[in-house]
Amino acid sequence: MKTPTHTTFQPHALVHPLPKNPKGHRRLACDSNTNTGKTPVLPDQTNHAGNSRTFPSNNQPMHKYGLLLIITFLTLLRWLWNVGAVISPEAAYLSLCGSTPAIAYFDGPPGTALCTALGTAWAGNTALGAQLLWPLFAALATAALYFLVKPLSNERAAFSLAILLNLLPAFNTASLSPNAALPVAALSLAALACVWRALNSNAPTWWIALGFCTAAALLFSYVAALLVPAVLLILLTSRRWRRHFLTAGFWAALALPTLLATLFIIWNSRHGWVHFIGGTWQTALTLHSTQFLVASTATTHAASPLIVVALAGGLAMALRHIRYAPKAKFLVIPALIALAASLYASLTQSPSQAIGLSALVLALPLLIWLPHVSTGTTDKKVILQQCLSAPIFFTAVFLTSGLATFFALSRLPTPRNIASVPVVREIEILRTNTPSNGQIFLIAENAALASAVGLHLRNTSAPTPGHPPVYVVESPYANSQYALWPRYDEIVETLSPPSAIPGMDVFTEQKGVNPFLGKSAFYITTQKPDELPQAITAAFGTHRLLAEITAEDGEILRVFFCEDYQMLPL
């Protein structure tokens, strides 16, 4: 009896046909060679004599060099996107925070602020400087995904998914402005790539690299801590991987993230737990079901509709093989944890950009489980339909992702900053030409405006050392890093006897002085004269509108001259 032949087709090499294992289960090609990082032997790589062969060695460098060229081109393109654009007030705030290095800031871990400050120090106080490092994070994410997928599938699959990653709207928009989402996603992919190599080798180097990647991700967002339970579950669900609990490398991987988490806890204990004070058990357990539709719509826009369909199919196929395929467990567990955390953040109306992007990129490798052509049929019509539909579907995935990115980038708002360099120069001229009893200190309406002005000041020396160049109007509520920095309404403790300091009103109960008493200030705001806050009208003896400066976008910035500052009663 003539043995029927099986037809296979791999248009994008994202997935492979499903041969049957001896137990009758369909087995993916990515289940082979689980103990090495070699290119797996595929059914369509077998000659008529039944001898297996691998890809020609001269094809593999082509993918690497091609991907390197694409990464370089995209990095340059992302830098060029912001050339000539002004820095946004939000990015100016991050840059000003990062210019004063600390373990953490009011808004979270220090990574985003420090990287923004490094960028502006190297490339200037512009939009390009603020996002200078983020195209590099995008390049890191692309390379990490490539090296994660390569040992799990093959060279072509890794190359295709790396290209697909750079076509996602959420990924591209995150690479154009400073944020925590892209670094966390890139470092999470790098961490998983290290985990796979650590599990299939006896070298502790990969475990140590995992610890560095996890700690680096924690510097940007606390959601990176989910990598720890993900790795623990991966080890627990596989009998042959549990032995790594007894290795020194595994425990060495936990050392640096644990140290960093301890430092964050100590910092929060000294600053009133500002990173967690907004949440209670009630808010943590209150789920808004109406947000599910909002989250679904946002996911569709962030990844394109066909990507969502493909990821759902890949997840379903991986779950079918999770009992006997270690690679399925390795990919499904972190993707499901990130997906559940993203859904929870959306339902509780918490910030979800970082965990949402991480869930998206961690789910991409699941596409290697999608079969292109079934191997269990000899019907020529069915085979022809599958051979036609598979390339059409995956081509549509790539095209729709590219089009979604094009429309997403075209809708990005143009960075605007009312406190541009020419506006700040006019404020400096007013400050120099206005007579007063001592240096005039500056107060801004909010943190974003204070940062935008302070970043462009040529003379950043404050009346008191260690203070920010521009203050935020005093408020009983802490809503930015300015609440943790020294303020103009504080009493400064002094080692000298209060009576020995001439010209200072002494607060004997607090054993200190306020160096701003009786001084003059500029209040910089967009508010009209009849909209000034009580913290200005009641704290200063007199105030008057000194100048109105029209910004490039037509918005009016007003400068009020306020004299004779007095502390407000408690």
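Trainee: What are the ground rules here?
Mentor: The model is predicted, so local features need pLDDT of at least 70 and side-chain atom pairs pLDDT 80 or more, while totals for chains, interfaces and linings use all residues. Residues are numbered from 1 along each chain as its sequence is written, and side-chain values use heavy atoms, with hydrogens and water left out.

Trainee: How many helices and strands in the protein?
Mentor: 20 helices and 8 strands. Both are DSSP runs numbered from the N terminus: helices are H or I with at least four residues, strands are E with at least two.

Trainee: And what share of the residues is buried?
Mentor: 48% of the 570 residues. Buried means under 20% relative accessible area, exposed over 50%, partly exposed in between, with a 1.4 Å probe and protein chains only.

Trainee: Rings next. How many aromatic pairs?
Mentor: The count is 23. Rings of Phe, Tyr and Trp (its six-membered ring) pair if their centres lie within 6.5 Å; planes under 30 degrees apart are stacked, over 60 edge-to-face, the rest tilted.

Trainee: How do tyrosine 93 and tyrosine 482 pair, stacked or edge-to-face?
Mentor: Stacked, at 6.4 Å centre to centre with 25° between the planes. Tyrosine 93 is in helix H2 (residues 89–98) and tyrosine 482 in the loop between strands E2 (471–472) and E3 (492–493), so the pair ties together parts 389 residues apart in sequence.

Trainee: Are those two buried or exposed?
Mentor: Both tyrosine 93 and tyrosine 482 are buried.

Trainee: What about phenylalanine 250 and tryptophan 251?
Mentor: Their ring centres are 5.1 Å apart and the planes sit at 80°, so that pair is edge-to-face. Phenylalanine 250 is buried, at 3% relative accessible area.

Trainee: Which residues do ring pairs link into a cluster?
Mentor: Phe441, Tyr471, Tyr488, Phe516, Phe540 and Tyr565.

Trainee: Switching to helices. At what angle do H5 and H6 pack?
Mentor: H5 (residues 134–152) and H6 (residues 155–165) pack at about 150°, axes 8 Å apart. Axes are lines fitted to C-alpha atoms over the stretch in contact, and angles run from 0 to 180 degrees between N-to-C directions. That makes H5 roughly antiparallel to H6 (over 145 degrees; under 35 is roughly parallel, 65 to 115 roughly perpendicular, the rest oblique).

Trainee: Last one. Where is glutamate 563?
Mentor: In strand E8 (residues 556–565). Glutamate 563 is partly exposed, at 31% relative accessibility. Histidine 543 is 20 residues from glutamate 563 in sequence and 6.3 Å away in space, C-alpha to C-alpha.
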